[in-house]
Amino acid sequence: GNKDYWKKDHCYAGTLVTQGTGVILVEKIGAETDYGKIGINVAESPDRPTPMEKQTRKLVKICAMIAAVLFLMVCIITYFNLPDREFKERIIESILSGITLAMAMIPEEFPVILTVFLSMGAWRLAKKSSLVRRLPSVETLGAVSVLCVDKTGTITMNKMRVRECWAFNNNITEINKIMGMACEIDAYDPMEYAILDYCEDNNISKDELFKGDLISEYSFTNERKMMGHVWKVEDEAIIAAKGSAEKILTLCRLEEEEKKIVENKIFSMSSKGLRVLGIGRMILQDERDIPETLEECRLEFLGLVGLQDPPRENVKDDIASCIKAGIRVVMITGDNGITASAIAKQVGIPHSSDIITGDELSAMTDEKLKERIKDVSIFSRVMPEHKMRIVKAFKENGDVVAMTGDGVNDAPALKYADIGIAMGKRGSEVSREAADLILLDDNFSTIVDTIKDGRRIYDNMRKAIGYVFTIHIPIAFASLLAPMLDIRSSMLLLLPVHVVLLELLIDPTCSIVLERQPSEIDIMERKPRNSKESILTASILIKSIIQGIVLFGASFASYYLYLNNNPGQAEIARSIGLAIIMLSNMLLVQVNSSESEFAYRSMMNLKKDPVMWAVGFGTLIGLGLILYTPIAEFLSLAPLTLNQVLRVIVTSFIAVMWYDVVKIFKKVRRGRIK
């Protein structure tokens, strides 16, 4: 940011103080502080509609336009079809017919589908320990093509252990003692915990380590990558320093051969996936000689200590399933490259030997980074500000990026990524605020499950929207054809009240049953979907239209033939047509609930699901009520004979189940292609 803007003698709200003491005079509070101003900006920033919301808006507009055109057509045709009525009646009749059609055409289920699917999705994810903070991100999850993860704690267990200790002069007790003295007395860093535990195991107690007086310290910074403590023990001052082995070496006087030996040892320890620290000390007789900074010290090199944070148990399988699903796993770490590469190899990240370091990244232009990032998946010695650039480069290459983070400084990158994933256990409050998703168990497997669920939800949403189109076609066509075939308005297949009745049936069926469908078998074996692709693709639309027309043909033809043979019995003809639409609707959900499995399998998948049974029986009971109780008269329907009922069942079955035959052909074709 602007260097002159931040005053050196001020402490800003939201600052995290890690060490030191001080007395502070408060000048501004709340929204007046700089931190508060950021909060106001965040609150005022407009919410961008997600791709999903944009697509839905477009769909609804198109449908509304079609409905308007058809409304006018039907009004005009009906008007000319009624030459024997008086003007007022003709107008009312024609407008009513037009309204029936317009109602049938506008898919008002879309908002319901969106809300129900996303909120149910979020609820299901919460049961699997991912907390969704922004609903639309549930659907974006399915499109993730790059997953940037922190090594520590996400891929590894975040439980450091000292695995190897190498003393340069074979004095192992000395190095153990100095590395303990270089730790904080109240350790909070996992590495320091590990070192102090190791000292305990080697019979060096905390009391012995910290028995002197701590007179000064050199604090750890990201640039310095090392730290030191100055202890006064008896009458001499001891500087105990530890840090990145390469950096500590620069402060030690070693012969070229000795340096070579140390560098080889660093390499061999790093290759085993150990994080290597260098340990050095300096003994001074006079306290006044203590250097101002650690960089001015001339240390005596004592040796190396290798710590390891072992990978989580299932990470290897999870990464394999990501790769299978066409998702690139990118590892970002503050460790050195060799350690990162060794861990990447252990967990199966491809190209584990190609690495970009933080220094290379700083020297790289954004254009160069966009090129390099296409085949490099490991970033080592990364500073927090680099993460934002990495995310940006992937996004500019057209990827949909999910990114995990836990620190305050990860917040901008989390906000910038398409899906920011914060760690719930060890994450900071700020990172959780900036994220779209919070992992309650900090587990990599949960991320993979969440992506799988995102894909399932999007898939089912597509099926539901396709289904809505299908079921609206017979309703709309019936209203459109009647005036053309010169059917009197009292004889129509669907009166406005029936359209409302069908709508009552459609909403719950599509949103509840299709939302519950389990994922397709191959869901984690396909590439991520193109995020620019519309939710209603040409193939889904064509399939919906064909299914709709077949269903319309079956119901309208049954109604029309009966009406032609028995002109006085419009009620029975209408009941036959309506029953076919209602039964087909129930079967249609099962047929469309999977692209690869047959309807029978879809039913079996949900055979223990009470909701599906409720919807099925609900439809049948509803049909019974409107045909065989006094309600029938009110709805202008009539009871059907057993013979007619059987015909209705067979017709419905044929009208819908033909799509299962198409699935067989698809399977055969895929089989050949495979």
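Which strands does helix H7 (residues 172-181) lie across? In this predicted model, local features need pLDDT of at least 70 and side-chain atom pairs count only at pLDDT 80 or more, while totals for chains, interfaces and linings use all residues. Residues are numbered from 1 along each chain as its sequence is written, and side-chain values use heavy atoms, with hydrogens and water left out.

Helix H7 lies across E3, E5 (226-233), E6 (236-244), E7 and E8, and runs at about 130 degrees to E3. Helices (H or I, at least four residues) and strands (E, at least two) are DSSP runs numbered from the N terminus; angles run from 0 to 180 degrees between N-to-C directions of lines fitted to C-alpha atoms, for helices over the stretch in contact. Contact means heavy atoms within 4.5 Å.

The open sheet has 6 strands in the order E3-E8-E7-E6-E5-E4, with antiparallel pairing (at least two DSSP bridges between two strands). Strands E3 (161-167) and E4 (213-218) each have a single partner strand, so one side of each lacks a neighbour in the sheet. Antiparallel strands E7 (residues 275-284) and E8 (residues 300-308) are joined by 7 bridges, and Ile279 has Gly303 in E8 as its bridge partner. Helix H11 (residues 256-271) also packs on the sheet, where E3, E7 and E8 are touched; the direction of H11 makes about 10 degrees with that of E8.

Elsewhere, Ile631 is located in helix H25. Ile631 is partly exposed, with a relative accessible area of 38% (buried is under 20%, exposed over 50%, partly exposed in between; 1.4 Å probe, protein chains only).
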